[in-house]
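Here are my notes on the packing in this model.

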Amino acid sequence: MDVVLTEAYLLADRGLRVSRFRIGSVLSLVLMIAGVSLDLLVYPDLLHELLTIRILCDAATALLLTAACTSFGSRNIGAFGLAMVLIPNLAMSLMIYISEGAMSPYYAGLNLVFVGVGVLMPWTVKETIGFCVISILVYISACLLHSDPGVYWQTLFNNLYFLVLTAIICTTATFFTSRRRFEEFRLRHELDKRNQELARSNEQLEELDRLKSEFFANVSHELRTPMTLIISPLQEIMSKQSLPFHLRVILDIVLQNSMRLMKLINDLLELVRVSNGNAEFKMRPVNLSSFVPGIVDSVRYL
């Protein structure tokens, strides 16, 4: 794997983890305290103990959220994210322990956290498996340590069955989500590289075009000076009445070709202006009956 690509992906993944961590923390804060309504209906005699656990869970989550806003938290966002989802799971396992153990309906809350991790958290498969294993072991410990002497093995097995299924679904979702996330990032990264290469190529082409225009402009200006110095003496010589006819014909050919060369030089300057966006072409018909004879006359002497 490309080292540059890997480093860029890890940097982008850290930013995504920070964002999802904040969302997950806010959800945990809201949903955990909202569960008080469930305590009132299911275990009203344990309301004080359950409320205390929920408040402590929210306090720990809020403290974790505050610490994650620091540079230390950003660098270690992986550990912070794992702690963020383990805190409510530990709280629910504690509520299971003090209520009815394996018979407690609060095990369903663990399933919800598993689903939330699979949907929300941008984790790797190893991180997701580690979280699920820890959560299941803590749940088993809460059921076995429950104060009632009897353990309802059938109910415990039933709950564990669904917890394991949810963990498998969560891990599978994480696997495909992480692969899709990396593939999308790889495609964006390659597209950015190509755009940067195209931008550099365009800059080089623009620089070459600028140098070409400067070269044409400089050459044209340098050519106009000697051409002017050729045309002016010719015109002065041909203005004399005593000039022999055959010599006047020859000099006229020289003058016409000099003027044509001067026009080509001027056209070259116009081309530079057009390429710089300072001029535009104007199309018009050309009278070939006067254009072609002029070309023929310029070579008739040969």
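1. Start with phenylalanine 21. Beyond its neighbours within four places in sequence, phenylalanine 21 is in contact (heavy atoms within 4.5 Å) with Leu64, Leu65, Ala68, Ile77, Phe80, Gly81 and Met84. Another core, of nine residues, lies apart from it; Met227, Ile231, Leu234 and Leu243 are among its members.

2. A word on the basis. This is a predicted model, where local features need pLDDT of at least 70 and side-chain atom pairs count only at pLDDT 80 or more, while totals for chains, interfaces and linings use all residues. Residues are numbered from 1 along each chain as its sequence is written, and side-chain values use heavy atoms, with hydrogens and water left out.

3. The largest nonpolar core has 40 residues. Such a core is a set of buried Ala, Val, Leu, Ile, Met, Phe, Trp, Tyr and Cys residues joined through side-chain atoms within 4.5 Å. Phe21, Val117, Phe131 and Tyr139 have the most contacts inside it. Two or more residues each come from H1 (3-34), H3 (47-68), H5 (77-98), H6 (107-120), H7 (125-144) and H8 (153-238). Helices here are DSSP runs (H or I, at least four residues), numbered from the N terminus. H5 gives the largest share, 10 residues.

4. The structure holds 10 aromatic pairs. Rings of Phe, Tyr and Trp (its six-membered ring) pair if their centres lie within 6.5 Å; planes under 30 degrees apart count as stacked, over 60 as edge-to-face and the rest as tilted. Phenylalanine 72 and phenylalanine 80 are edge-to-face, at 6.2 Å centre to centre and 75° between the planes. Phenylalanine 72 is partly exposed at 49% relative accessible area, whereas phenylalanine 80 is buried at 11%. The cut-offs are under 20% for buried and over 50% for exposed, with partly exposed in between (1.4 Å probe, protein chains only).

5. What links Tyr9, Phe182 and Phe185 into a cluster? Ring pairs do.

6. Arginine 54 lies over the face of tyrosine 106, 6.0 Å from the ring centre. The test is NZ of Lys or CZ of Arg within 6 Å of the ring centre and within 35 degrees of the ring normal.

7. H3 and H5 pack at about 175°, axes 10 Å apart. They are therefore roughly antiparallel, a label for angles over 145 degrees. Axes are lines fitted to C-alpha atoms over the stretch in contact, and angles run from 0 to 180 degrees between N-to-C directions.

How values were computed:
Parallel < 35°, antiparallel > 145°, perpendicular 65-115°, else oblique.
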